[in-house]
Amino acid sequence: MPIVNRFADLHDEITAWRQDLHAHPELLFDTHRTSASVAEKLRAFGCDDVVEGLGRTGVVGVIKGKAATSAKVIGLRADMDALPIIETTGLDYASSETGKMHACGHDGHTAMLLGAAKYLCETRRFDGTAIVIFQPAEEGGGGGREMCEDGLMDRFGIQEVYGMHNMPGRKLGSFAIRPGPVMAAADLFTIRVEGMGGHAARPNTTIDTTLVAAQIVIALQSIASRTADPLDGFVLSVTGIRTESDTFNVIPQRATMKGTVRTLNPALRDQAEAMMEQIITNTALAYGAKASLDYVRNYPVTVNAPAQTAFALEVANNLVDPSMIEPNTPPVMGAEDFSFMLEERPGAMIYIGNGDSANLHHPDYDFDDSIIPLGCSYWSRLVELAMPLKV
C-alpha cells in the first residue's frame with residue numbers, strides 16, 4: 001500500500017507549515033508561537049478536544065474515530081523545540097532568530113503529525129481514539145517527562161504511544177527500527193576539585209588542581225575500557241574543564257569538569273555512577289586534593305516494546321518496499337526524552353531516512369520536505385491499522 005493520496009494533495013500546504021516553523025525556531029519550553037500555531041490548526045481541523053499547557057507548553061489533540069465500539073486509545077508524539085545553534089544553510093526560510101535553529105528536524109516532525117491530524121479529522125476511518133501529542137523541550141529540557149508528570153497518559157487514557165525521528169545518512173524515505181533499547185540513557189555530571197593554589201614557579205607548595213583534573217579524566221576512561229562489557233554500549237565524555245585562573249603564572253585553587261555518561265544497560269548506568277564516585281575521590285586523595293561528584297540522572301534508555309515494534313514494522317511494510325526497511329537497526333548512543341513516555345506505556349520509536357543531508361545538530365542541517373507525505377502516511381496508517389473499522 002503506497003502513501004496516502006491525500007498527502008500528495010496536502011504536500012505543499014504541510015511544507016509551508018514546516019518552513020514557517022523552521023523560520024521561527026523556539027528553544028526548550030519557550031515554544032509559545034509554535035504551540036499556539038499547533039493548537040490553532042488542531043482546532044481548525046476539527047479535533048474533538050485541544051488541550052494546551054500540558055508540560056508547560058505542550059499541546060494535545062483528541063481525535064475520535066467514526067465508530068464508537070472500541071475503547072482503544074493510541075498516542076502519537078512529535079517534538080517542537082529547536083536548538084541554540086547559528087544556522088548556516090542560507091535557505092530562503094532560514095531562521096529569523098539569531099542563535100536559534102531547527103537543526104534536529106523537530107519542525108518536520110511537528111508538520112508531519114499536523115498533516116496526519118488533518119487527515120484523521122477529515123476521514124475518521126478508525127474505531128477508537130487517536131491522541132496527537134506535541135511536546136516542548138526535547139533538547140535537554142525533559143519536556144516528555146514534564147508532560148507525563150502532568151498526567152498525559154492517564155488524563156487521555158493512552159494505552160500505547162509511538163514516536164518518529166528523521167535520520168540523516170539513511171536512504172531518503174526508508175524506515176529503521178529495533179525492539180528493545182534503541183537509544184541510550186544520557187546522564188550529566190559535574191566534578192569539582194579543590195586543592196591549594198599558588199605561584200606557578202613553586203608548584204611544590206601547591207596542590208595542583210589542573211594536574212588532578214587531568215588525572216581524573218584519564219582514570220575515568222578505565223570504566224569503559226576495563227569495567228564495562230565491551231559488548232555493552234557505554235560512552236563517558238568529559239566535555240569541559242575550567243579553573244578559577246585565567247593567568248599564566250597562577251596554579252588555581254579549584255577546577256570544575258563536566259560531561260555526559262551514555263548507557264544502554266540500566267545496570268551499567270548504576271555501576272558507572274558508583275565507579276565514577278570511587279575513581280574521582282581516590283584519584284584526588286592520591287594527590288592530596290578533594291573532589292566531589294554531582295551526578296544527574298537525565299534521560300533514560302529509550303526502549304521499544306516488542307509487540308509495538310512489530311506493529312510499527314507492519315505499518316512501514318504497508319507503505320514501502322521491504323528493501324527500504326531495516327527491522328533490527330543497531331542502537332545509537334544519542335538520547336531521546338520520548339523514553340519517559342515509553343516508561344509509562346508500551347510503544348516504539350521509528351526512524352525515517354532524511355537522505356544525504358548534514359547531520360543532526362549541524363548548522364547546515366535541514367529536514368527534507370520530500371518525506372512529508374510518507375511520514376504523514378505512516379501516522380495515519382498506524383491509527384487505521386491499530387483501530388480498524390469493522391465492516
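**Figure 1. Burial across the protein chain.** In this predicted model, buried residues account for 55% of the 391 residues in the protein chain. Its secondary structure comprises 10 helices and 16 strands. Along the principal axes, the C-alpha atoms fill a box of roughly 85 × 45 × 40 Å. The radius of gyration is 24 Å. A compact globule of 391 residues would have a value near 21 Å, so the two agree.

**Figure 2. A negative surface patch.** Four residues form this patch: Glu149, Asp150, Glu343 and Glu344. Patch members must have over 30% relative accessible area and no salt bridge. Like charges are joined within 9 Å.

**Figure 3. Asp150 in its loop.** Asp150 sits between two helices. Helix 4 spans 143-149, and helix 5 spans 152-156. The loop that links helix 4 to helix 5 holds Asp150. Is Asp150 buried, exposed or partly exposed? Its relative accessibility is 40%, so Asp150 counts as partly exposed. The cut-offs are under 20% for buried and over 50% for exposed.

**Figure 4. Glu40 on helix 2.** Helix 2 covers residues 32-45 and includes Glu40. Glu40 has a relative accessible area of 57%, so this residue is exposed.

**Figure 5. Glu40 and Asp369.** These two residues lie 329 residues apart along the chain. How many Å separate the C-alpha atoms of Glu40 and Asp369? The separation is 22 Å. Of this pair, Glu40 belongs to helix 2.

Conventions:
Residues numbered from 1 in each chain as written. Predicted model: local features only at pLDDT ≥ 70, side-chain atom pairs only at ≥ 80, totals over all residues. Heavy atoms only, no water. Patch = residues over 30% accessible without salt bridge, like charges linked within 9 Å, V, L, I, M, F, W, Y side chains within 5 Å. Areas by Shrake-Rupley, 256 points an atom, 1.4 Å probe, with all protein chains shown as cover. Salt bridge = Lys/Arg side-chain N within 4 Å of Asp/Glu carboxyl O. Lys, Arg positive; Asp, Glu negative; His and termini not counted. Charge placed at Lys NZ, Arg CZ, Asp CG, Glu CD. Helix = DSSP H or I, 4+ residues; strand = E, 2+ residues; numbered from the N terminus. Buried < 20%, exposed > 50% of the residue type's maximum accessible area, 1.4 Å probe, protein only. Rg over C-alpha atoms; globule rule 2.2 N^0.38 Å.
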